[in-house]
Structures are given as C-alpha cells and as structure tokens.
Amino acid sequence: MQEPTYLVLVALGEKPLHGYGIMKAVETLSDGRVKIGAGTLYAALDRLAELDQVELDREETEGGRVRRYYRLTRTGRQVLAEETAVRSRYVARALAILEGKG
Amino acid sequence: MSSDDRRLEVWYRVLLRLYPREYRQRRGEELVTTLLDASPPNATRPSARSVFDLLRAACLARLKLATGGNVGRMVADGARWAGLFFCAYAVLRNLYEVWWLARCLAAGFPVDGLLTLSTGLEPAAFCLAFIALWQRWRVGALASATLLVALGALRALSYPGPDNWGFVLRMALPQTLPLFAAALLETRSAPRAKPERIAHLVAVVGLLAVVKTFAGHDTHGVALVAGSVALVALGLFDPRFLAALIVLRSNTDGRMLIGALERPWDVRDLLAAMIPPLFFVALTSIQCARARERMLRT
C-alpha cells in the first residue's frame with residue numbers, strides 16, 4: 001500500500017471527513033511531508049471504494065457547494081489495522097538495527 | 001463569492017473537461033468544491049501543481065474507463081495469444097523448411113549439417129514453447145525462447161557470407177521476441193474457458209494458414225493484404241485477433257523496415273512496415289471504445 005493511500009485510511013479512521021478535510025488531515029498526519037492533490041485524492045477514494053474499504057457517510061450542500069463525507073468500512077478498518085501492524089514491525093526492526101541490536 | 005473565486009472556478013471547470021464526461025457528472029461538483037477549498041485565498045488561477053495533478057488523474061480515469069479498469073490484463077492477454085499464435089505458425093513454417101531440406105538431400109544436393117540440425121530442432125522447440133505458454137509455464141516458455149535463439153545462432157553459422165550475425169539480428173531475434181514478451185506477461189492474465197481458447201486459436205491459425213499459403217513470399221501480395229483485412233475485421237470483435245495480425249506481419253515487417261532504411265526512396269517498404277502499428281493503434285482505439293460502452297452499460 002502506498003503512503004498517501006495509507007494516510008487517507010488513517011485520516012478516515014478517526015472520523016468521517018470530506019475531500020478537503022482528508023487533504024488537510026493527511027498533511028497534518030505526515031507533518032507536512034505528504035500533500036495530495038484533489039485529483040489524486042479522488043482517484044484513491046474511488047479505488048478504496050471499489051475495494052470496499054471506504055464508503056459514503058453523508059452528503060451536505062452549503063452555499064451551492066456539494067461536500068461528501070467518507071468513512072472507513074469494517075473491511076477498511078481491518079486493512080488499516082493489518083497495514084499498521086506490518087509497518088510497526090518494520091519500524092521496530094529498523095530501530096533495533098539503528099541501535100545496534102540487530 | 002468574490003470575482004477571484006469565480007475566475008478560479010471557471011479555470012477548474014475548464015480543467016475538469018480533461019476527465020471523461022461520466023466521471024465529471026459523478027464527481028465534478030464535489031471536485032470543484034474541494035479544489036476551491038484547497039486553493040490559497042485570492043488565487044485567480046490554479047497552481048502548476050494542481051494542474052499537473054488533475055491532468056495525471058484525468059489521464060488515469062480515461063485509461064481506466066477505456067480498458068474496463070484492467071490495462072495490465074488486456075496487454076498480457078494480447079501478448080499471450082500473440083505468443084501462442086506465433087509458435088503455431090513457426091511450427092508450420094519450420095516443418096515446411098524441414099520438408100524442403102529433406103527434398104534437397106533426396107535430390108543429392110549438399111546441405112550444411114548445422115542448418116539441417118537447427119531447422120530440424122526448431123519445430124520441436126516451438127512446440128515446447130507453445131505448450132509452455134498454453135499451460136502458463138512462464139519459466140518453460142522462457143527456456144524455449146532461449147533455446148530458439150541458440151538454434152537461430154546455429155542456423156546463422158551455417159549460412160555463407162560475412163554477415164551471419166546480422167542475419168540472426170534480422171531474423172531470429174524479431175521472431176523470438178513475441179515469444180519472450182508473451183512468456184513474461186502471460187502469468188498476469190486471468191484464466192479463460194478452454195472451449196473459448198480452442199475456438200480462437202483454431203480460427204487464428206486457420207486464417208494464418210490461408211494467408212501464408214496464398215501470399216507465399218510476396219510481401220506485397222493481395223492475399224496477405226486480404227488476410228490482414230480479415231483479421232482486422234475479426235479484431236473488431238476480439239482484440240486477440242489484433243495481436244494475431246501483428247504477429248503475422250512481424251515475420252516480414254522487420255525485413256521490410258530494414259529495407260526501408262536501406263532504400264528510403266522506396267516508399268512501399270516503409271508503408272508496408274507502418275501498416276501493422278497503424279492498424280494496431282486504430283483498432284485498439286475501437287476496442288477501447290467498445291470496452292468503455294460495456295463498462296457504462298454495467
């Protein structure tokens with residue numbers, strides 16, 4: 001799983017968010033290192049929806065502007081947990097190597 | 001909404017035209033809202049970064065819609081069928097050469113030992129490659145392809161004249177490349193029903209036999225053109241026939257391209273070499289349009 005996709009799942013893990021909300025959350029989560037554009041974001045959301053990992057939560061119209069909120073599905077939460085576990089193992093091993101224990 | 005916002009929105013709506021219409025209808029308003037939310041205050045035109053991002057995403061959306069969402073499978077499927085088709089054809093061609101050599105020997109003509117050995121082994125190697133591709137044994141197909149290159153080299157050594165290795169490059173490699181490509185890609189394609197495989201293969205090989213029988217060695221022959229047109233017509237219904245067409249022509253077009261480079265004033269060679277790629281582009285476009293229609297219907 002690519003880093004932006006992982007961060008999108010993490011962002012949606014907390015609460016349902018709309019497009020711009022996800023973009024801001026990803027930027028915050030990565031300390032400003034990952035900035036995803038709207039085109040990339042919606043392509044990722046489409047892909048995650050096809051994989052049944054993300055679904056529409058609600059739709060709001062404000063001042064003629066449409067905002068759709070997305071949330072994680074049960075599958076999405078499970079995938080996020082598995083991916084996080086894998087990444088945690090990598091981090092633990094890398095830290096062990098850096099500290100001279102590997 | 002300020003005039004700056006309106007101007008920016010117009011810019012974004014123009015950029016959204018890059019996306020397929022169906023995508024715009026589904027996502028357009030939402031995308032514009034997000035793009036405007038993410039734009040810096042008082043911006044009057046999109047940043048280069050967001051233009052590039054939209055361009056990239058729009059291209060991917062179009063590609064996904066055109067290929068039914070699986071570009072890799074379409075390419076891999078075509079390559080595998082091209083490889084199978086090529087092997088079947090090569091077996092027939094080499095058997096013909098074996099028969100021709102046998103006639104030479106029977107008539108008492110001196111025939112080179114290396115040439116006889118190479119020509120005799122090639123049909124068996126192509127059969128192995130065919131079986132390996134059919135059964136999706138990637139390693140087996142690659143091994144067969146390597147064996148064929150070695151046999152091609154052996155055959156080149158048996159030809160008189162100083163340009164033996166030039167012969168290998170011109171003949172053996174172009175003829176083996178489709179097999180290599182198919183072997184590498186075939187494992188990515190999804191399995192299909194066996195009756196469908198057999199029906200397509202019989203149709204393709206049958207057409208090839210007809211075309212080759214009538215065309216002979218005349219690369220500009222009417223029969224070859226007629227056969228190509230028949231494959232093009234079938235290609236409208238199934239992209240694998242397009243792959244078949246390319247392989248059919250690949251046997252002659254390598255030589256024609258070299259001929260065109262050696263004799264640039266002779267336009268016929270260049271035109272003949274350009275026909276298959278042009279057919280491929282045109283017919284792939286038609287196939288893509290059909291896949292898109294199917295996808296929209298579902």
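**View 1. H1(A) and H4(A) lie oblique to each other.** Angles under 35 degrees count as roughly parallel, over 145 as roughly antiparallel, 65 to 115 as roughly perpendicular, and the rest as oblique. This is a predicted model, so to speak of local features takes pLDDT of at least 70 and to count side-chain atom pairs takes pLDDT 80 or more, while totals for chains, interfaces and linings use all residues. Residues are numbered from 1 along each chain as its sequence is written, chains are lettered from A and ligands numbered from 1 in the order written, and side-chain values use heavy atoms, leaving out hydrogens and water. Helix H1 (residues 3-14) of chain A packs on helix H4 (residues 74-98) of chain A at an angle of about 120°, the axes being 10 Å apart. Helices (H or I, at least four residues) and strands (E, at least two) are DSSP runs, numbered from the N terminus; axes are lines fitted to C-alpha atoms, for helices over the stretch in contact, with angles from 0 to 180 degrees between N-to-C directions. On the H1(A) side you'll find Glu3(A), Tyr6(A), Leu9(A), Val10(A) and Gly13(A), which meet H4(A) residues including Arg77(A), Leu80(A) and Arg87(A); contact means heavy atoms within 4.5 Å. The residues of this H1(A)-H4(A) contact split into five nonpolar, two polar and four charged. Here Ala, Val, Leu, Ile, Met, Phe, Trp, Tyr, Cys and Pro count as nonpolar, Asp, Glu, Lys and Arg as charged, and the others, Gly among them, as polar.

View 2. The axes of H1(A) and helix H3 (residues 38-50) of chain A come within 10 Å and cross at roughly 75°. From H1(A), Thr5(A), Val8(A), Leu9(A) and Leu12(A) reach Leu41(A), Leu45(A), Arg47(A) and Leu48(A) in H3(A). Sort the residues of this H1(A)-H3(A) contact by class and you get six nonpolar, one polar and one charged.

**View 3. An open, antiparallel sheet of three strands runs in the order S1-S3-S2 (chain A).** Its edge strands are S1 (17-18) and S2 of chain A, each pairing on one side only. Strand S2 (residues 54-62) and strand S3 (residues 65-72) of chain A pair antiparallel over eight bridges; strands pair if DSSP finds at least two bridges between them. Look for Leu56(A) opposite Tyr70(A) in S3(A), and for Glu60(A), whose bridge partner in S3(A) is Arg67(A). The S2(A)-S3(A) hairpin has two residues between its strands, and Gly63(A) in the turn has a positive phi of about 60°.

**View 4. Chain A meets chain B, with 18 residues of chain A in contact with 22 of chain B.** The two chains bury about 1,700 Å² between them, 46% of it on carbon and sulfur atoms; buried area is the accessible area (1.4 Å probe) that two parts lose on being put together, summed over both. In chain B, Glu30(B), Thr34(B) and Asp37(B) lose the most area to chain A, together 29% of what that side buries.

**View 5. Helix H2 (residues 19-29) of chain A and helix H2 (residues 21-38) of chain B cross at roughly 45°, their axes coming within 8 Å.** That makes H2(A) oblique to H2(B). Gly19(A), Tyr20(A) and Met23(A) in H2(A) meet Thr34(B), Asp37(B) and Ala38(B) in H2(B).
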